[in-house]
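Q: Could we go through this model together? I would like to begin with the ligand and then turn to the strands and helices.

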Amino acid sequence: MCGIIGYTGSLKAKNILLEGLTALEYRGYDSAGISMFEKDGIRTIKAAGKVADLAKKTEEYQDLNGTSGIGHTRWATHGGVTECNSHPHTYGKVTLIHNGIIENYHELELELAATGRYPVSQTDTEIVAMLLDSLYTGNAIAAIKAAAAQLDGAYAFCIMFADEPEVIYCLRNASPLLACKSKEGTFVASDVVALIGYSKDYFALPEQQIARLTKDSITVTNDMDEVVIPKMLHVSWDITAAQKKGYPHFMLKEIHEQPDTILSTILPRITKEGIVDFTVEQIPDTIFKDVNRIIITACGTAMHAGLIGRVMLEKLLRIPVEVEIASEFRYMDPIMDHYTLVITISQSGETADTLAALRLAKSEGATTLSIVNVKGSTIDRESDYVLYTQAGPEIAVASTKAYTAQLSCLYLLTYRFALVRGTITTQQCKEYVTELRNVIPAVKEALTLNKHIDDICSNLADKEDLFFIGRGIDYPLCWEGSIKLKEISYIHSEAYAAGELKHGTLSLITDGVPVVAIATQSKVLTKMISNIREVRARGAFVILITNGEIELEASAYDYPIVLPKTPDYLTPFTAAVALQLLAYYSCVHRGYDVDQPRNLAKAVTVE
Ligand code: M6R
């Protein structure tokens, strides 16, 4: 969850580290710090707060000319948000930064206390600095290996040893760490966004291998001390894709990118005959043939995309599909075998719970297919098969374009699956593909509701509770609308199956309580209208979302959001846009930080 950057080369490290931390801030942003090799030894500057606070603090020091260092932006796990708890942590000759959680830190702390070593912070990270210092006798790699053997948990470390100037050591387990080399030196970071300004070619450090960065080389060694050549990866987008491009917030930019990102996700998988084909991604049809059960597992918004995917897969395949929250799935003793296809979905490809679910599925013999946005991420590398969402970098913590790209992949997957199993004909597949492509202009049109939704949201600025209600495929959409709103506007909201309200929750609907009623499904429209009337009769402030115009007396709602008409099964794309804008403008009207909401981080690499 934290951001990590390391650099050693010919340029001023301070600038590179601060720039890197600014790019990485979306991964964790409650405090930040940098350490550099300077003439008089390692110098560390830390600040509780944003990277801008750290940058301001560094201005007080005019003599930071070092060209090697490490930087960290923190998302607190152990210990409060204080300068002391911020990274880097130094103990003796060791200075390090860490992303992850050391689960056995307390046992290690007790053992180290017996040797007279005590921490000054409340972090698990400082214990590792102490452990390394206790094991270090001049051979850094030997000390790192000995320390790793004692650590339980997820981690990515960048480590500097005071008596080995301008060298950075790296080690990881589960948490991501990428490295690259350019003419300016060598770099390491937790995310490619911090590297792309220097090189588009990079590698992911393999787990439990140690990288040693010097000014002009990166050497990776395995546990036998043999040199390893990691597989190089290439990033296809450039630095501008990770910039705001004139939008006030990344989230708004990313919402508006959706027509392009849906197109980029769909297009390469459509043959000139107009059917879905996964030859390029080497997903063989055989994996669809023998499956008798599908499990989709993911977290948050990715899981919500999975809920929509279930509806489509079951509708066309008539195979049972379960959708499981990854953090629960792994502890529920799930039933899987060789006939189970487990689909994991993750924008970052690094979500710890989703990764653990994937590993569990593999160990039980299931076939795994992942829908991933970040190439080279751990989930990408460990899955049997991967379908990439071509969403480009998603910087705002609230996931938007990744969600509709995930939906695109799930629809494509459904069509190929159904074609292979013969539950749809080639002609039907072509028709489905055409309708899916037509969703792109509809999404474009939905974006023109921008101003209208902004106006609606001015009514929500002082609300503290809100309900989303829907039926059929609109119900999982309610979940997505609800998480988006909570996440950034801090308005408490609940997603409810509209028919379930009267079994308890209707008691909370009183005068002025906002209810977003998603009513896009003609099959259940009359039932949905009855539910809208029920909440209206209790004084609800109703925002009604429909698929094109519907017949309903104007007194039944306060504001309509009329989506461009699409086939009912495709409304998740257009409705998602409306829900994203609703969350965005609610947040703006309430004056909160859109892109970096409190307590959250973009990639959840800890359990
Ligand atoms: O990177 P992932 O897709 O695995 O992330 C999963 C969730 O943490 C993520 O979707 C989260 O729910 C979003 N911030 C919601 O907008």
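This is a predicted model: local features need pLDDT of at least 70, side-chain atom pairs count only at pLDDT 80 or more; totals for chains, interfaces and linings use all residues.

Q: How many residues surround the ligand, and which are the closest?
A: The ligand is surrounded by 14 residues. The closest are S346, Q347, S348, T351 and E487.

Q: Where does S399 come in, with backbone or side chain?
A: With its backbone: a polar backbone atom of S399 is 2.9 Å from an oxygen atom of the ligand.

Q: Turning to the sheet of five strands, what is its order?
A: The order is β17-β16-β18-β19-β20, in an open sheet with parallel pairing.

Q: Which strands stand at the edges?
A: β17 (321-325) and β20 (385-388) do. Each has a single partner strand, so one side of each is without a neighbour in the sheet.

Q: By how much are neighbouring strands turned against each other?
A: By 20° on average, with direction ignored.

Q: How many bridges join β18 to β19?
A: Six bridges join β18 (residues 340-346) to β19 (residues 367-372), and the two strands run parallel. Within this pair, I345 stands opposite I371 of β19.

Q: Now β2 and β3: parallel or antiparallel?
A: Antiparallel: β2 (residues 31-38) pairs with β3 (residues 41-48) over eight bridges. A hairpin of two residues connects β2 to β3, and E38 stands opposite G41 in β3.

Q: Where do side chains point in a regular strand?
A: They alternate between the two faces of the sheet.

Q: Last topic: at what angle do α7 and α14 pack?
A: Helix α7 (residues 258-266) and helix α14 (residues 426-447) pack at about 170°, and their axes are 9 Å apart. An angle over 145 degrees counts as roughly antiparallel, and α7 and α14 are therefore roughly antiparallel to each other.

Q: Which residues make that contact?
A: From α7 they are Q258, P259, I262, L263 and I266. From α14 they are L436, R437, V439, I440, V443, K444 and L447.

Note on methods. Residues are numbered from 1 along each chain as its sequence is written. Side-chain values use heavy atoms; hydrogens and water are left out. Axes are lines fitted to C-alpha atoms, for helices over the stretch in contact, and angles run from 0 to 180 degrees between N-to-C directions. Helices (H or I, at least four residues) and strands (E, at least two) are DSSP runs, numbered from the N terminus. Angles under 35 degrees count as roughly parallel, over 145 as roughly antiparallel, 65 to 115 as roughly perpendicular and the rest as oblique. Contact means heavy atoms within 4.5 Å. Two strands pair if DSSP finds at least two bridges between them. A residue is near a molecule or strand if one of its heavy atoms lies within 4 Å of it. A polar contact is a pair of N or O atoms within 3.5 Å; within protein, one must be able to donate a hydrogen and the other to accept it, and residues adjacent in sequence count only if both atoms are side-chain atoms.
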